[in-house]
Every structure is written in structure tokens, then in C-alpha cells.
Amino acid sequence: MEQRTSTGSYPEIHDLNGTWRFRLDPADEGESQRWFTADLNTVIQVPGSWEEQGFGDPPATTYLGGWTKKHQYTGAAWYQREIRLTELPTNGRVMLRLSGVRWRSRVWLDGDSVGEADSLSSPHEFDLTSLISLEKSQRLTVQIDNRMLVPLDESHINSLQTATWWGGITGGAALEITAAACIQQVMVRPNVPDSRFDFEVTVHSREASAQPVIIHVLVTDPQTGQVTQCTHEGHAQPGEQSVSISAEISDAHLWSDDDPFLYIVSVEMLHNGSLIDQREFRTGLRSIRQAGQQILLNGRPVFLRGYVDCCIFPNTGYPPWDKQEYLRQLGIAKAHGFNHVRLHSWHPPEPFWQAADEIGMLVQTELPNWTSHYGHYEQMAPESVHRYLLAELKRIIHAANTHPSWVLFSNGNELIYGADGHQQLNELLAHARQQDPTRLYTDNTGFGQLPGTAREVDYYIQSCNWHPPQRLYDAATPNSFEDFRAVTALTDKPVIGHEHGQFTMYVRPQEASKYQGVITPTWLESISKTLQAKHLNERVETFIDASGRHLVNAYKENIERARRTPGLAGFQLLDIRDFPGQGHATTGILDMFWDSKGLVDASDFAAFNGSQALLMRTAKRTVRAGQSLSVEIELSNFGDPIEDAVLHWQLVDQETLVASGDVKIERAESGQITRLAVLTPLTPVGSAHQLELRVQLGNVRNQWSFWSFPDADKQDYTGISTSLGVLRAVLPGADFSDNYAGTLLNIDRGSRKEFPDWQLAISQKLTYRLLQYLYDGGRVWLMPEAGQMYDTVSTRFIPPFWSYLHFPDNVSSVMGMLINQHPALAHFPHNGISDWQWFELVDGAPALCLDSVPHLSPVVEVIDNFNRAKRLAYAVEARVGRGSLFVSTWRLHSREVIQRPEARFLFHEVLRYLRSAEFNPAVDLTIGELLGLFRLTNARPTGFDD
């Protein structure tokens, strides 16, 4: 709760921030030597961590795939200062509150033990009342121990990779003095159907009261000034007792993600006509519930456009207690269209909740739990772990109950290994519902499979990208009829997409200068040395730009695919920022400091990530020139219903209008995906074109690229020799009789010609005979399979998943393409980077490694991941002897691919170039260098004939 210092009443807040005496205790001798009775020998500031004040040693490990703290200390440390109170109310109470502590705290006053606390999720509180002596200076001693208290593994509040195993009192220290009877806790249960707040006020009293104690609750509308007041009168009894009070609000204004209206609540306690305690906070009137596969906010369906916050704070190494910082972060997320954040295995400090309430962010908070203890149904978690998590659950509910932004709760991250749930996870949810039924609860985030027959949850969080039958590399394709309905069809409850996306781009070395605090970005050290050794430093900015734009395109399709999915209640993108650990995952359109990478404007990202999103379904992005596009336009509407509107569309080539139209929209309901129109505009004839379809409905807009390719002009293909039978459809009249194989030259003794009159030889294998032809001046187009090349790298079109160091066996580890200006591609429309017209050509194609021939410049370059940093290519050319060689690994020898308009057009464009005088490579390749790239075989080619 937000609290204010009271001048004429209680509570009185005595700030203890500032300089404390301090001492590290690496030998664990402080308690046995009774340090709580002697002055400590150095000083530290509160609030703050040990590391940011220079305590600790440089760590022994410099992390290749994560950041490293400049100082690290794990163990106990002691704080000490004097306190002096001059007066207390009769039978009043003195509480010590320590905020931002990791992990255990113990307190002594004048050498007497007060107690200990161990929450990772809420402030630590200690009752000093019985030991307070007025008008006397007293020694207050605090021991903080940041070691693993119970085995919770790598929860993000408790990890070197994220919250850095920090130690200290980072949120501050204070004494709170209350009267004999005081307000212990205020719980809020908003009742939207009845326009009412139900308050449960817990009163603590140190004595029985003969005179009545009156509790006033005042709810103020800050816009109108209207005050709703309700009163309870009773007698205080020793100990704790709860009082229920309801406040009915006339003309109630509801809180929501797009209208975060907050009432001001003041809870006052009066005794004998005097104000003896007061608590003030802001809260919102809102409801959250599940109805079928939808989540309803205030009775209306809401689509959770979420991202994952992994407790990443590069300036401090711990969650700051700074409301303005959280307002900044959440405001940036809202500007990009997000209305939801999942807190990955951590619960944030109070300033975060105040900011989320004001901004209108729908929050899922979690226990600090990412363990294996709940992995199997028949396996019980250790008692210490389960008992601790149950206590944390109760503390979280008490700490965050008043905040309307808190709508979802999970027991932790990826806890279930099998298809079943876990009875102890269900038990935790039962406790949570009993304490606070105004939220939605799930057993864990991400794991377990659907249908979850043993999982007693309100909603599921499952991966759309890889929950069976989905596959990771189907997360984004040009076929936008695809969605994730195979997952949502497995349950009748809401499903939220777990850790959606996880695409990555090139590392940005320029970020190193931003680390001015306790953390060093050590993942950059090894990467920078690699880039320098491979002479790639001058290429990095180009790689960043190309891979970053590719990342945005992939996220756009991946998010739209989620919006197209019937029954999906939302997604949680991992992440809007980079992740500093697990190999360093460059998943963000923002860096870890919440600064833009310059890849996409926030408004352009929000265009496909807002409450209303125009969507497009089409089977393909490429068509033959002159054919019609076939496009369905839909609206995912989680805003107001739309009536009597006009959908305006344009098909443009560059900025030249190709076609346009208006479609009248009678109605599009809220909470539904509505088909608005089927568009079939004709594409231009003649040359190849990149087209953009732009659609707008009121203020909602979106756009998608398409490509049209003309058929090749009829040509004379005599003089072209190939053994690739699959090319018969595109090379009528070519010579398919010669296979270039054999160890001896096939010499025509009569004409003294060693080879027929070939203009061009096309092969998927390098043979001795073909090598001789090339060396003597021939022209060769080599289309090798992966098995015919040395040191190849398999590729997929979509960006890599997460990080290469963490997942080296991914289906792809390359980060997109660079298409250089080259005469072979002069008429093939492209913008220099990966885009959907290349998908079928390169998805699953091998990349040729050029590390052994760095003097070769690719025609089409493949950007390798920054850890490995190979020089890779899909297409390259060179002079060999007197001959000219062109190599491509595009999937042109695939029968399915070669029939596509983009493949046929590319094939004939390259063919035109190879038969022209322009084909005159400038760079030489020796026979030895060539044989170091390709396997030499003299066997008859197989596998590509009719």
C-alpha cells in the first residue's frame, strides 16, 4: 500500500536510510563472536546493494554467455546503527520494515534477538516493541544472508543470469510506530456487478478497548471529488480481528488496461474521537474471470498482448524501488501495443505495482519457483520448499491485493515435466483462491500438456510454437492461413501462448558503453575477439540492420498468427528486450536498458499489436504476374464493436497505385475474429514487382508485402548441359544426356574435341570431368547438396531460437540474409535482406562456408550467429583457371520449389546472367581452394532424375 507519514496521528514513519556500520562475514563467525554487541568496523549506505558499493571480490568465472558482476559476495553481512525514540503512544507498537532484501534477515536490538524473515517477494517486518527503551540510544543490528535458503534453483529473482544474486537492503529501512490499536492489513475485493468495493480490514490491538473503535473507509473519485463513506463501529480486542466493510459506488468508473481509472481509498481508525491510524492507497474497480476460452475483463473479452519480464536490471542488478523507472518501462511497452506482462518467476516491489495500476498493465506475477521438485505427479516436493512457497504465496497476496493491475498468478516457471499436473501445485492454487478469489490462477507457466486433465487451473499457458503437433520452425511462414488452433482445440479453457517468438538477431557491441554500474557485459568479450580475428568488425552494423529487420518481420507474422487463432486468449512474447543469460539471447527490439535498437517505430509495432488488429490470410506471398492475389482480411477486435465502417485498401508498387477499393463493414463484434473482406486484385504484368497491400479501418492499419513474377521468355536452351532431370520443366531443349562423370575424359577422336559445344554446364556435383571443363574455360553452375560440400551449415528461414550457446542443436542458427547488388539479381525484386519471397528458396537449404576463402564476396550472404561467426553464402561466383563458376545452394533442384513463380523467375534470371558477357567473375579460386569447398566425386549423379 501507498503510505503517508502522519503528523498528528499514527502511523509515524521514522526513516532509517543513510549510513549504517557494516561488516562482511565470510567465515560465518559473526554470531558466535556476538557482533551484535560490538561496533562494526566499516560503513555502507541503505538503500543499496553490497556490490554497487564495492563490497565483494571479482568473480572467478567470466561468463561467455551472460553478464558478470564486477564484485560478488555470497554469504552473511552485518548492518548496525543506533535508534532513539523519545515517546510512544500508550501500549503502542514499533515495527521495523526492511525492503528489498535477498534473502534472509535476522535482527537484534541491544544484543537481544528479535527474529528472522526470509521473503523474496515482500518486505521483512520485525516487532521491536517489547525491547524498546524510550529516551535511550539503542543498538539495532541486522544480519543479511544472500545464500540459497531453500533449493529454488534458477528463479529469476534468484539467479546470476538476471537478478545477479545481489545482497543488501535495496529498498530501504524504516520504523513504523502505531497506536495500541492499529490497521494491520487492508484487503480489497472489487465487486463490479454491484458497483461495490468490499474491504476486509484487519485490526491489531495490544489491549482491549472500553471505548468504541470506529473505522471509516472513504472512497474518493479524483475526477468528480465525490466521496463514498462507510463506517464500522466496534470494540478492539487483544490480538487480530477482521472487519468487513462495503462501499457502494454511484456512477462507478471501472479500471481497465485502456482506461486505468483509480479511486483514492483512505481507511481511518478513530478512538475516543481521535484519529489513531490511517492508511491511504489507490485501487481500481475491475473484475477478471474466465468464460470458456476467453478471459473477461469487466465482463468483456480481452486479448492479452504480453511480454515476459525476466527481472533484468542492468543498472543495478536488482529490482529498483523507483516508481518513475517502472512508469518509463511500462509506458514504452504500452506504446508498442502491449497490455500485459508476465513476471517470470518473481514478484516485484511496491513501486512497480503503483506504476502498473497507473499505466493500465495487466500483470501475471509468480512465485520465485523454477525447480524440478514438481516435475512428476507422483513426486512430492521437499517439505522445506513447499512450506516456503506456501508462505510466499500468502505474503504475495497480502502485499499486492489492493492493485487492480494484478490479474493473473502462476506457481512458477516450467514446473511440470509430464502431461499430468501436480497435486501440490493444485494445493497452492486452492490456498490462493481461498485468500483472494478476484484473480485467475494457473499451476505453472509453460509446461505440462493439453488436455490437462489433472490440472485444476483457470487458464493454461502453453507454447504455441512447439506444443504438439506444432513445430518450432512453423512459428512463422508465408502461409498465413496457418495458426495455432491445433493447440487451442485441446481444451475448453483459455490458452495463453508461452514465451512466444524467441527469435534472435545480431549482437550490438555498442551497448557495452551503457554498462556503468555493477555489471560487465562479458558475453561481448569473446564475441568481440571473434569478430576482430575474423575481420568482421566493419560488417557488424550491416549484420545488425539486416538481422534486426528480419527479426521484426518474423515477430509480425508470429504475433499475427496468434491473433488469427480461434480460442487463443493471448501470448507472452519472450521478449521485447534482450536476455542477458543462457548464451545471451538477442530477442529484443529494445536493448536491456529499454532503449530502441532503431529497428521499428513503436507505432508501427503497435499497428499489429493493438486491441484491434487487421489480419491477412493467404496461402502464398508470390504469384505469377497478371494473376490475382487471393487475400482474406480479418479483424481481431478486442476493443469496441465496429458498426457502419469502411475498410479502405490499396495495392501499391513502390508508391504507384496498382489497385484500391472500399468495403463497407456493417458490424464487427468485440472479442471475435471477423472476416471483413476477400480481396482479389490483379497484379501488374511485365516485369517482376514487390507489392504492398495496405489496409485501414478507422485508426487501425496494417500492411503486407507480396511479389509477382512474370514467366520467362521462350529461349533457345541448346548449349546447356545438365544431368538434373528436375530441370526439364524449365529447360526444354537442353542436353540432359551427359552426366560429366568418369575418371577419363570422353574425347571425340574424330573432331579432337574433348567436350561438346556447351555454353553452360549445370550440376549438383563436382567431378573430375566437370572440373577439367571449368578449368579449360567452361561456364559452370554448381547446385550442390549439403553432402557435396565441406563444413556446411543447415539453415531455416526464420531467425534462430533463443541462443546458439544454449541451444546449439536448433534446426537453424543463422540470422538472415544479405542480398548484394549483382547483375544476376538485377531484376529479382528484393530489399537487400530476408523477406518472404525467399522463404521456399532457402528454408532448409545448406549454406556454403567461405572461411577458407575469405577473399570471395558472396552474391547472397548468410549471416551466421555471432558466437560462431562463419562466413556463409547461398550464392557466390569465382574464376577457376580460364573458366567461370557460379555456385548456389538455393532449393532450385527441388521439384516442388522449381514450380513456384519466384523460383522459376530466379532460375531464368541467373541463367540469363550466366550466358551473358556479364558473367566474368573478378576473383580467382585455385583448384586446391575449390576442392577444399566441394567434395570431388566421379560417380553418376543420382536422386534428381525424372
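## Helix α1 and its ends

After α1 comes G337, a residue whose phi is positive, near 100 degrees. The model is predicted, so that local features need pLDDT of at least 70 and side-chain atom pairs count only at pLDDT 80 or more, while totals for chains, interfaces and linings use all residues. Residues are numbered from 1 along each chain as its sequence is written, and side-chain values rest on heavy atoms, with hydrogens and water left out.

Helix α1 covers residues 323–335; its 13 residues reach 18 Å from the first C-alpha to the last, close to the 18 Å expected at 1.5 Å a residue, where the expected span is 1.5 Å times one less than the number of residues. Helices (H or I, at least four residues) and strands (E, at least two) are DSSP runs, numbered from the N terminus. At the N-terminal end, D322 caps α1, with a side-chain oxygen 3.1 Å from the backbone nitrogen of Q324; a polar contact is a pair of N or O atoms within 3.5 Å, and within protein one must be able to donate a hydrogen and the other to accept it, residues adjacent in sequence counting only if both atoms are side-chain atoms.

The residues of α1 that are buried are E325, Y326, L327, Q329, L330 and A333. Buried means under 20% relative accessible area, exposed over 50%, and partly exposed in between (1.4 Å probe, protein chains only). Among the elements covering these buried residues are β23 (304–309) and α2 (350–359), contact meaning heavy atoms within 4.5 Å.

In helix α9 (residues 768–775), the buried positions are R769, L770, L771, Y773 and L774. Their cover includes the strands β41 (760–763), β42, β47 (871–880) and β48 (883–888), together with the helix α13 (927–933). Just after α9, G777 takes a positive phi of about 120 degrees.

Q788 belongs to the loop between β42 (779–782) and β43 (793–794), and is buried, with a relative accessible area of 14%. Not counting residues up to four places away in sequence, Q788 touches Q764, K765, L933, F934, R935 and T937. D791 lies in the loop between β42 and β43 as well, where its phi is near 55 degrees, a positive value in a residue other than glycine; at 42% relative accessibility, D791 counts as partly exposed.

On a 1 Å grid over the protein atoms alone, a cavity is a set of points where a 1.4 Å probe fits but cannot get out, and lining residues have an atom within 4 Å of a point.

The lining of the largest cavity is formed by L472, Y473, G501, F503, R796, I798, P799, P800, F801, N810, V811 and S812. These residues divide into eight nonpolar, three polar and one charged, with Ala, Val, Leu, Ile, Met, Phe, Trp, Tyr, Cys and Pro counted as nonpolar, Asp, Glu, Lys and Arg as charged, and the others, Gly among them, as polar.

A cis peptide bond with omega of about 10 degrees joins P468 and P469, and P469 is placed in the loop between β28 (460–462) and α5 (485–488). The bond from L574 to D575 is also cis, with omega near 15 degrees; D575 is found in the loop between β31 (568–573) and α8 (602–607).

W165 has a positive phi of about 55 degrees although it is not a glycine. This residue sits in the loop between β11 (138–145) and β12 (168–178), and W165 is partly exposed, with a relative accessible area of 26%.

E918, in the loop between α12 (901–914) and α13, is 95 residues from P823 along the chain, yet their C-alpha atoms are separated by 7.5 Å. Leaving aside neighbours within four places in sequence, E918 is in contact with P823, R912 and Y913, and at 45% relative accessibility E918 counts as partly exposed.

G239 lies in strand β17 (residues 239–248), and its C-alpha atom is separated by 53 Å from that of T62, 177 residues apart along the chain. With neighbours within four places in sequence set aside, the contacts of G239 are V203, H204 and S205.

Key. On a 1 Å grid over the protein atoms alone, a cavity is a set of points where a 1.4 Å probe fits but cannot get out, and a pocket is an open set with protein on both sides within 12 Å along at least five of seven lines; lining residues have an atom within 4 Å of a point.
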